[in-house]
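Hello,

I am handing over the structure below.

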Amino acid sequence: MKILVFSDSHGNSLQMIKALSQHKNEIDYIIHLGDYCTDIRYIENISGITPVLAVVGNNDHYMAKNEYPEEKIIEIGGVNFLLAHGHKQAVKQGTNVLAALAKSKNCTAALFGHTHIPYCGKENDIYLLNPGSIGYPSAKGYTYGIITIENNNITMEIREV
């Protein structure tokens, strides 16, 4: 099972399309973690992959806030994931609030964005992934995440377009 994870596209759907083309036949789920989460509609229409899941971020239009939640818990491949943009969990100050929230909701992993800085790690037994920004290049370029779940093992990676 493979999950393609985007965040902070800010209208730059071209980079999401490029990332998808690198993995098109491998992906089972696509997740967008906010800040122009409606950009995911472009991917949804061309990918043929469902489900496509999203949460809103602090820069999402009010219409998106009526369509997508601020936070979501999903189960994929026997793993519970907390999805959040991260602004309400103060991720720019660290991941401890997010990790504690995920743990309190019986999640194994938390996926977030907001900082535009790619991060992959573990805190308090919670896997954490920030795919960085697919819309604004950082020092690492346009980045996204790939999560692989096989035999109850989770692998999280940051990739560049």
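Strand 5 (residues 79-84) and strand 6 (residues 109-111) run parallel and are joined by three bridges. Within that pairing, Leu83 has Leu111 of strand 6 as its bridge partner. Helices (H or I, at least four residues) and strands (E, at least two) are DSSP runs, numbered from the N terminus. Two strands pair if DSSP finds at least two bridges between them.

Before going on, note that this is a predicted model: local features need pLDDT of at least 70, side-chain atom pairs count only at pLDDT 80 or more, and totals for chains, interfaces and linings use all residues. Residues are numbered from 1 along each chain as its sequence is written, and side-chain values use heavy atoms, with hydrogens and water left out.

Contact here means heavy atoms within 4.5 Å.

Which residues of helix 4 are buried? They are Leu98, Ala99 and Ala102. Buried means under 20% relative accessible area, exposed over 50%, and partly exposed in between (1.4 Å probe, protein chains only). These residues cover an arc of only 100° around the axis, so they sit on the same side of helix 4. The arc is that of the directions from the helix axis to the C-beta atoms. The buried residues of helix 4 pack against strand 5, strand 6, strand 7 and strand 8. Just after helix 4, Asn106 has a positive phi of about 60°.

Strand 1 (residues 2-6) has four of its five residues buried, so the rest of the structure largely encloses it. Strand 1 runs antiparallel to strand 9, with four bridges. There, Val5 has Gly145 as its bridge partner. Strand 1 also runs parallel to strand 2 (residues 29-32), again through four bridges. Ile3 stands opposite Tyr29 in strand 2.

The structure holds one aromatic pair. The rings of Phe6 and Tyr144 have centres 6.2 Å apart and planes at 55°, so the pair is tilted. Rings of Phe, Tyr and Trp (its six-membered ring) pair if their centres lie within 6.5 Å; planes under 30 degrees apart count as stacked, over 60 as edge-to-face and the rest as tilted. Phe6 lies in strand 1 and Tyr144 in strand 9 (residues 143-150), so the pair ties together parts 138 residues apart in sequence. Phe6 is buried at 0% relative accessible area. Tyr144 is buried, with 0% as well.

Cys107 is in no disulfide, and its nearest cysteine sulfur, that of Cys120, is 17 Å away. Cys37 is buried at 0% relative accessibility, and Cys107 is buried at 6%.

Best wishes

Definitions and conventions. A disulfide is a pair of cysteine sulfur atoms within 2.5 Å.
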